[in-house]
Each structure stands twice: as C-alpha cells, then as structure tokens.
Amino acid sequence: MDIKKRKIIFDVDTGSDDALALMCGILSPEFDIIGICTVNGNLPVENTTENTLRVLELMKSDIPVIRGCSTPLLATLDPLRKLRLRSNDGVSADGEDVTYHAPYLPLPPATKKVVEGANAVSWYIDTLMNAEEKITLIMVGPLTNFALAYRAQPEIIKNVEEILIMSGGHDQRNSTAASEYNVFIDPEATAIVLDCGAKITMMPLDATHKANMRPQHQQLFEAWGNPVGDFVAAEIEARLKAYNTMQPLHEPDIAPIHDALCVLYLLDPTVITNLKHMRCDVVCGGIADGQTLFDTRHFNDAPKNVYVCLDTDEEKFATMLVDILSRSKNI
Ligand code: BDR
Ligand code: CA
C-alpha cells in the first residue's frame, strides 16, 4: 500500500547543520519535497545556494532549488546591527582555524543549477496559490523569503499545512545575549511569520542544544568509508571544534545539529520531550534586538501563536539521525 507522503518545502541557509537536515529530509520516504529555497544567513545566498546544490548532488537528488533573498528585510539598514553579528570563524587554543560554516561545503562543485529565472518569493506565491494539497514548510534559516511572500500575497496561508522553524531561544541564545542567529539576522521577518496565522512549531536553542552529535558519531561516520560518511564526519568534526572553541555549551565535545531537529520532529514528535503552546513576539531593535520574547504569564492578552519545543530526548535524536543517514548507503 502506498503511504501518503507529506508535501514539503525546505528553506535553508546551507550551512553545515542545514546540510544534514536536508539529507535527512531527502532520505525520508514520508516526505515529498517539492522545492528547496535558499536564503542569506550562515553565508551569502550565492554560497548557501551552491552548498545546497552540492548536497543534492551528493544525494543524487533532483529536487528543484530556488534562489532566495540576498539581504534581510530591514536589518542591514541599521549599521549597528551589523557590528554585533556573530562570525563563523575562530582560532582554537592550539592555533587551529575553526569555523561553524566554511564558505563552501567540502564537496565537489555543483553541476546542477537553480531553477532559472525564479526567485523564492514569487515561487512561494505561485506554488502555494496553485497547490492541490496543503504543504508543510521546514524553514531553518532567516525567514526573509517567506515573510516577503506572505506580505505580498497573504492568501498563500490557505495552502500551508504547518510551518516548522529553527528559530529563537526561550532561555538560551547564541548570537547576542538576547538573540538566536536566525532571528537576529532578520528579526522583522521572524515577527511577520510568527503572526501569519498558520500552525507554527518552533525549535529554539533550548531544544536544539540537545540535538547533538559527539566524537563517537564522527568516528562512526568516518568508518563508513564512503562520500556521505566522509562528509558527515567532516561536518561533525568542524562543528565539534567550533563549539569547543567559540561557543562552549553545557558540556564539551557536543555539536548541535540544530536544523535536523525540525525534520526529525516531523517524523517522530516524541523526540521532543517538552512542548508548550505559547505567545511569542520578536523584539526588533534596541539592546534586545532579535530576542524571541515568550509570554510566560498565566494570563495572556494576545493569542498564543506558536508551539515551542523546549527539550529533546538527546539519545533518540542521535539514534534517529544515524539511522536515517544510514539509508544513504542504498542511494
Ligand atoms: C541556527 O543558525 C545557524 O547557524 C544554523 O544553521 C541554525 O539554523 C542556529 O542558531
Ligand atoms: Ca540554518
């Protein structure tokens, strides 16, 4: 019997953890991925697009890639915001260059091309306005593309089944003392998406800092001795070094694969162990620029707008990630 596949659009700023999220999506028979939009975020959109195409080539996938926005909606109009941007790069204590996201993923240059003449904003509008069934959006970079599409044609929401975003932090932040990276890059876009009226599930840092790979996983992938294993091992290694050097977390030697948690949650919601329906707004400007502000009062004066994932079954996440990526041995 054919299983009914969920129609999916990805929106990515690939990006090491975006790459692994995409790979998990591609390897999931539960999904019918109809397009992948790229956006400025971890890297300029030229790089995130090329990296996305490289991943598709590695996975022998023909999913259409649509290039998206090269700048946030408003954030770059404010020079002060640029000054506070997190860098991808650093130097470890023993003098080694480390990075969360090298300009290009260590894969052969792509021969595949983006959808010619298309841009993600109008593609979202065309695709969603003409969809015959509802589509789930997995957006794991800054939310610029979809925010602009929604502003231009709010009716697109009618064909959105659900939106999953890797965004924000309840108690944890990584870009500034107030903000998570994807929100900090485009706070206004996040604010627009949070109030678009679709069902939104948010994966903040509180959950994704428990979505980890560790040195033993790096070794496991290395031992495969094939291009996918080598690539995944290299990305885990780079992230382990970058986090140990630039962003030590609650324990050493953990590499969060933030974006993959959105995909795994869709496949098995029990990977999340604490989920709350809440009101969340985004602070735009000022000292808390890009903060996701959750209303924790017992009474609300604005409607709840997001399901927030606050904790992760870390072991389940790691097992699922390894299992799903293992399917690549058959491609
Ligand atoms: C998010 O920011 C990016 O660096 C990652 O790809 C992830 O989407 C984590 O804050
Ligand atoms: Ca990302």
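**Surroundings of E235 and overall architecture**

Leaving aside residues up to four places away in sequence, E235 touches S16, L20, L105 and P106. The model examined here is predicted. Within it, E235 sits in helix α10, which covers residues 227-246. E235 is buried, yet this glutamate takes part in no salt bridge. The nearest side chain of opposite charge belongs to R239, 6.7 Å away; a salt bridge would call for a side-chain nitrogen of Lys or Arg within 4 Å of a carboxyl oxygen.

The C-alpha trace spans about 55 × 50 × 40 Å along its principal axes. The radius of gyration is 18 Å, and this agrees with a compact globule, because a chain of 331 residues folded that way would have a value near 20 Å. Contacts across the sequence can be described too: among those between residues at least 6 apart, 80% join residues at least 24 apart.

Turning to burial and surface, 58% of the 331 residues count as buried, and E235 is one of the buried residues. The chain exposes about 13600 Å², of which carbon and sulfur atoms supply 52%.

As for charge, the chain carries 29 positive and 46 negative side chains. The centres of these two sets lie 4 Å apart.

Methods
Residues are numbered from 1 along each chain as its sequence is written. Chains are lettered from A and ligands numbered from 1 in the order in which they are written. This is a predicted model: local features need pLDDT of at least 70, side-chain atom pairs count only at pLDDT 80 or more; totals for chains, interfaces and linings use all residues. Side-chain values use heavy atoms; hydrogens and water are left out. The radius of gyration is taken over C-alpha atoms; the globule rule is 2.2 Å times the number of residues to the power 0.38. Buried means under 20% relative accessible area, exposed over 50%, partly exposed in between (1.4 Å probe, protein chains only). Contact means heavy atoms within 4.5 Å. Accessible areas come from the Shrake-Rupley method with a 1.4 Å probe; for residues, only the protein chains shown count as cover. Lys and Arg count as positive and Asp and Glu as negative; His and the chain ends are not counted. The place of a charge is taken as NZ of Lys, CZ of Arg, CG of Asp or CD of Glu. Helices (H or I, at least four residues) and strands (E, at least two) are DSSP runs, numbered from the N terminus.
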